[in-house]
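Subject: Structure handover

Hello,

I am passing a structure on to you, and my notes on it follow below. Please have it open while you read.

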Amino acid sequence: MIPVWPLVGLAFGVALGFAGAFGGFGPFFIVLFLGCLGFLTGRAIEGNLDIRQLFSFNTSRRPR
């Protein structure tokens, strides 16, 4: 079985490389932002990400 995640990372890196090389900083940032947004959305849909943990800043405190 071929590992999928390294190939996905490679494809994302190539897309960022092309955006940076041919478009400059603006398209590079747009590709980076949309890629991260798509990754987080996919993780949330699969159920592997709890969105409340992303926006909770009190995770290190003990409950009272």
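In what order do the elements of the protein chain run from the N terminus on? They run α-α-α. The secondary structure comes to three helices and zero strands; helices (H or I, at least four residues) and strands (E, at least two) are DSSP runs, numbered from the N terminus.

Two points on how to read the values. This is a predicted model, in which local features need pLDDT of at least 70 and side-chain atom pairs count only at pLDDT 80 or more, while totals for chains, interfaces and linings use all residues. Residues are numbered from 1 along each chain as its sequence is written, and side-chain values use heavy atoms, with hydrogens and water left out.

Confidence: the protein chain averages a pLDDT (the predictor's confidence in each residue, from 0 to 100) of 78, and 81% of the residues score at least 70. Among the elements, α1 has the highest mean pLDDT (84), and helix α3 (residues 51–55) has the lowest (70). Where pLDDT is low, the predicted coordinates should not be read in detail.

Helix packing: helix α1 (residues 4–23) and helix α2 (residues 25–46) have axes that come within 6 Å and cross at roughly 155°. Axes are lines fitted to C-alpha atoms, for helices over the stretch in contact, and angles run from 0 to 180 degrees between N-to-C directions. The crossing makes α1 roughly antiparallel to α2 (angles over 145 degrees count as such). On the α1 side the contact (heavy atoms within 4.5 Å) is made by residues including Trp-5, Phe-12 and Leu-16; on the α2 side, Phe-25, Pro-27 and Phe-39 are among them. The residues of this contact divide into eleven nonpolar, three polar and no charged (Ala, Val, Leu, Ile, Met, Phe, Trp, Tyr, Cys and Pro count as nonpolar, Asp, Glu, Lys and Arg as charged, and the others, Gly among them, as polar).

Two residues in these helices: Gly-13 is in helix α1, and its C-alpha atom is separated by 9.4 Å from that of Leu-32, 19 residues apart along the chain. Phe-29 is in helix α2; its C-alpha atom and that of Ala-19, ten residues apart along the chain, are separated by 8.5 Å. Gly-13 counts as partly exposed because its relative accessibility is 39%, and Phe-29 counts as partly exposed at 47% (buried means under 20% relative accessible area, exposed over 50%, partly exposed in between, with a 1.4 Å probe and protein chains only).

Over the whole protein chain, buried residues make up 3% of the 64 residues.

Regards

Terms used. Angles under 35 degrees count as roughly parallel, over 145 as roughly antiparallel, 65 to 115 as roughly perpendicular and the rest as oblique.
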